[in-house]
Amino acid sequence: MGILRDAAALGYEVVFLPADYDPSPEYAQEVKKLGITVITSGSGYASPVAYVACEGHSFSVFYFIRLNVAEYLIPAAREASPKAAIIFHAPDLVHLREERQALLEKSSTASAAVTRQRELTIIKKSDVVVVLSDIEKKLLEQNGCTTKMELFSALYAPVPDTVPGFLTRKDVFFLGGFSHTPNIDAVLWFAGAIWPRIHAVLPEASFRIIGAAPTRQVIELGNIPGVKTEGFVADLTPVLAEMRLGVAPLRFGAGIKGKVALTMGAGIPCICSPIAAEGMGIDHGCAFLLAETEADYIEKTVRLYQDAGLWETLSKAGASLIQERFGLDACKSRLAQILEASKQVH
């Protein structure tokens with residue numbers, strides 16, 4: 001939504017084409033309010049490819065988000081509008097996430113190698129690739145990528161004008177959608193191996209698991225004392241105003257993490273794994289606390305939950321940093337630069 005809103009505000013005529021082609025009237029209405037055309041299965045075209053084949057000649061820029069979307073639509077876009085700029089936006093490097101998962105699980109990395117080749121192929125077919133951090137950029141350069149690369153977090157993290165203080169808050173939370181495997185692993189590990197020992201010291205606190213599509217295993221974590229699986233929450237604003245701590249105990253993954261930016265932007269200190277903190281450019285101890293082991297999570301969660309002074313310091317530093325690097329204005333400015341630069345590729 002941030003990219004759509006800003007592209008329209010920058011004066012572009014914007015069309016949103018969901019690759020699954022499914023109508024979603026409630027969300028479509030929000031997009032249309034921005035002056036954006038929404039194309040779905042009810043728009044008179046047999047498929048997204050058919051739409052691009054018929055109408056693609058009128059576009060100067062195609063902005064494809066995610067690997068499967070780019071694979072599906074780049075051939076049609078190239079054929080329909082050979083001079084248009086093709087931007088591939090990678091929310092993370094999927095092969096890096098898959099490789100890390102395989103190493104954690106001590107399983108084969110063969111699938112990750114296949115995904116790596118898919119990603120490198122799509123990047124070569126693109127005019128511009130958008131990556132989220134220097135880590136991905138350097139990794140792609142090491143793999144011989146010569147496609148023009150742009151850094152853009154696209155986190156669009158809101159930062160409220162006022163942040164409720166320490167004493168008005170309670171509970172620890174995790175935020176993330178559960179169609180994403182790293183999030184499932186993170187809450188299963190934290191709730192099962194770590195939370196019971198935290199709860200023994202902080203019996204008044206709950207661990208609240210928030211995010212769409214929780215799996216059966218995630219739902220069943222609610223049977224652990226002090227754990228609440230809440231699922232999808234349409235409006236996070238009141239929830240973020242009452243939470244005291246966020247945790248991001250990711251053990252594998254890639255890219256920079258929207259959950260961390262959203263938590264810190266709301267003025268909530270976050271305890272992050274090295275994977276969760278990766279690419280954020282944030283110094284440990286200045287705006288968040290880093291935890292690697294079970295003992296780390298226990299000690300730092302208990303300390304930060306009880307220490308109002310440390311909490312206030314991290315709260316202010318985190319919100320300020322997010323506003324500067326990943327806030328709404330910063331994202332709009334960066335998108336404008338990328339779209340302007342894309343005009344130079346042909």
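## Salt bridges across the chain

A salt bridge is a side-chain nitrogen of Lys or Arg lying within 4 Å of a carboxyl oxygen of Asp or Glu. This is a predicted model, in which local features need pLDDT of at least 70 and side-chain atom pairs count only at pLDDT 80 or more, while totals for chains, interfaces and linings use all residues. Residues are numbered from 1 along each chain as its sequence is written, and side-chain values use heavy atoms, with hydrogens and water left out. The structure holds 17 salt bridges. Side chains of opposite charge can pair when their charged atoms come close.

One of these salt bridges joins D127 and R78, with 3.1 Å between the closest N and O atoms. This pair links distant parts of the chain, 49 residues apart: D127 sits in the loop between α6 (110-125) and β5 (128-131), and R78 belongs to helix α4 (residues 67-80). Helices (H or I, at least four residues) and strands (E, at least two) are DSSP runs, numbered from the N terminus. How accessible are the two partners? D127 is buried, at 13% relative accessible area, while R78 is partly exposed, at 25%. Here buried means under 20% relative accessible area, exposed means over 50%, and partly exposed is in between (1.4 Å probe, protein chains only).

## A buried pair and a surface pair

D171 and R208 also form a salt bridge, at 3.5 Å from N to O. Because D171 lies in strand β7 (residues 170-175) and R208 in strand β8 (residues 207-210), the pair ties together parts that are 37 residues apart in sequence. D171 is buried at 3% relative accessibility, and R208 is buried at 10%.

Another salt bridge joins E340 and K343, at 3.2 Å from N to O. Both of these side chains belong to partly exposed residues, E340 at 41% relative accessibility and K343 at 49%. Returning to D171 and R208, salt bridges that share partners join them with E230 and E242 into one network.

Is S126 buried or exposed? S126 is buried, with a relative accessible area of 6%. Apart from its neighbours within four places in sequence, S126 is in contact (heavy atoms within 4.5 Å) with I74, R78, I86, F88 and T147. One of these contacts, R78, is also the salt-bridge partner of D127.

## A9 and the cysteines

A9 has its place in helix α1 (residues 2-9) and is exposed, with a relative accessible area of 51%. The C-alpha atoms of A9 and A336 are separated by 9.9 Å, although the two residues are 327 residues apart along the chain.

How many disulfides are there? A disulfide is a pair of cysteine sulfur atoms within 2.5 Å, and the count comes to 0. As for individual cysteines, C54 is partly exposed at 46% relative accessible area, whereas C145 is buried at 11%.

## An enclosed space

A cavity is a set of points, on a 1 Å grid over the protein atoms alone, where a 1.4 Å probe fits but cannot get out; lining residues have an atom within 4 Å of a point. Grid points are joined across faces, edges and corners, and a volume is the space filled by probe spheres set on the points. The count comes to 1 cavity of 30 Å³ or more, and about 40 Å³ of space lies in the largest cavity.

Which residues line the largest cavity? They are F173, F174, L175, G246, V247, A248, K259, V260, T263 and C270. At least two lining residues come from each of β7, β10 (243-248) and α11 (258-265). By class, the lining has 7 nonpolar, 2 polar and 1 charged residues. Nonpolar covers Ala, Val, Leu, Ile, Met, Phe, Trp, Tyr, Cys and Pro; charged covers Asp, Glu, Lys and Arg; the others, Gly among them, are polar.

Notes:
On a 1 Å grid over the protein atoms alone, a cavity is a set of points where a 1.4 Å probe fits but cannot get out, and a pocket is an open set with protein on both sides within 12 Å along at least five of seven lines; lining residues have an atom within 4 Å of a point.
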